[in-house]
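Thanks for coming, everyone. Please bring up the model on your screens, and we will walk through it together.

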Amino acid sequence: MTRIYVQRDGAGRVTGLSADATSPGAEAADLGDPDVRRFLGELDLDLVRVLEDVVDLLVAKGVFRFTDLPEAAQDKLMYRKSVRNQWRAVQNPLNGEEDLF
């Protein structure tokens, strides 16, 4: 496995990756480490959201039409947009009882 180095927060969650062992707080890890995979997955989700926003912007500017995208890409984008809209519809799932947990 590829050797990388991670930085962690006070709770032990991975907050950064580096190939440099001399990075502050560097701790050796492998790409297969569950904490590293979780961190990379979160980065992937953030990048997907950026790409969705770029597609929306390019369509709004008339650079291309949404229907110019492959059907599989259209389906995935529409599904994610639908899920996000449904999530936004849930105004406050705790009904103001923030100390519930």
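Let me start with a definition: buried means under 20% relative accessible area, exposed means over 50%, and partly exposed lies in between (1.4 Å probe, protein chains only). Take D35: at 27% relative accessibility, D35 counts as partly exposed.

Now, some ground rules. This is a predicted model, so local features need pLDDT of at least 70, side-chain atom pairs count only at pLDDT 80 or more, and totals for chains, interfaces and linings use all residues. Residues are numbered from 1 along each chain as its sequence is written, and side-chain values use heavy atoms, with hydrogens and water left out.

First, the layout. The protein chain has 2 helices and 3 strands. Helices (H or I, at least four residues) and strands (E, at least two) are DSSP runs, numbered from the N terminus. Along the sequence, the pattern reads β-β-β-α-α. Of the 101 residues in the protein chain, 17% are buried.

Next, the strands. Two strands pair if DSSP finds at least two bridges between them. Which strands pair with β1? Strand β3, residues 27-30, pairs with β1 in the antiparallel sense over 4 bridges. There, I4 stands opposite A29 in β3. Strand β2, residues 14-18, also pairs with β1 in the antiparallel sense, over 4 bridges. Here V6 stands opposite L17 in β2. The hairpin of β1 and β2 has 5 residues between the strands, and G12 takes a positive phi near 90° in it.

On to the inside. A nonpolar core is a set of buried Ala, Val, Leu, Ile, Met, Phe, Trp, Tyr and Cys residues joined through side-chain atoms within 4.5 Å. Which residues make up the largest one? I4, V6, V14, A29, V36 and F39 do, 6 residues in total. β1 (3-8) and α1 (34-60) each supply at least two residues of this core. In soluble globular proteins, nonpolar side chains tend to be buried together.

Now for charges. A salt bridge is a side-chain nitrogen of Lys or Arg within 4 Å of a carboxyl oxygen of Asp or Glu. By this rule the count is 9. Look at R8. The side chains of R8 and E27 meet in a salt bridge, 3.0 Å from N to O. That pair links distant parts of the chain: R8 is in strand β1, E27 is in strand β3, and they are 19 residues apart. R8 and D35 also meet in a salt bridge, again 3.0 Å from N to O. R8 lies in strand β1 and D35 in helix α1, so this pair ties together parts that are 27 residues apart in sequence. Step back, and R8, E27, D35 and R38 are linked in a network of salt bridges.

A further pair is D9 and R13, with a salt bridge of 3.1 Å from N to O. D9 is partly exposed, with a relative accessible area of 25%, while R13 counts as exposed at 55%.

Last stop: E52, in helix α1. Is E52 buried or exposed? At 5% relative accessibility, E52 counts as buried. Contact means heavy atoms within 4.5 Å. Leaving aside its neighbours within four places in sequence, E52 is in contact with L77, R80 and R84. Compare L51, also found in helix α1. L51 is partly exposed, with a relative accessible area of 48%.

That is the tour. Thank you.
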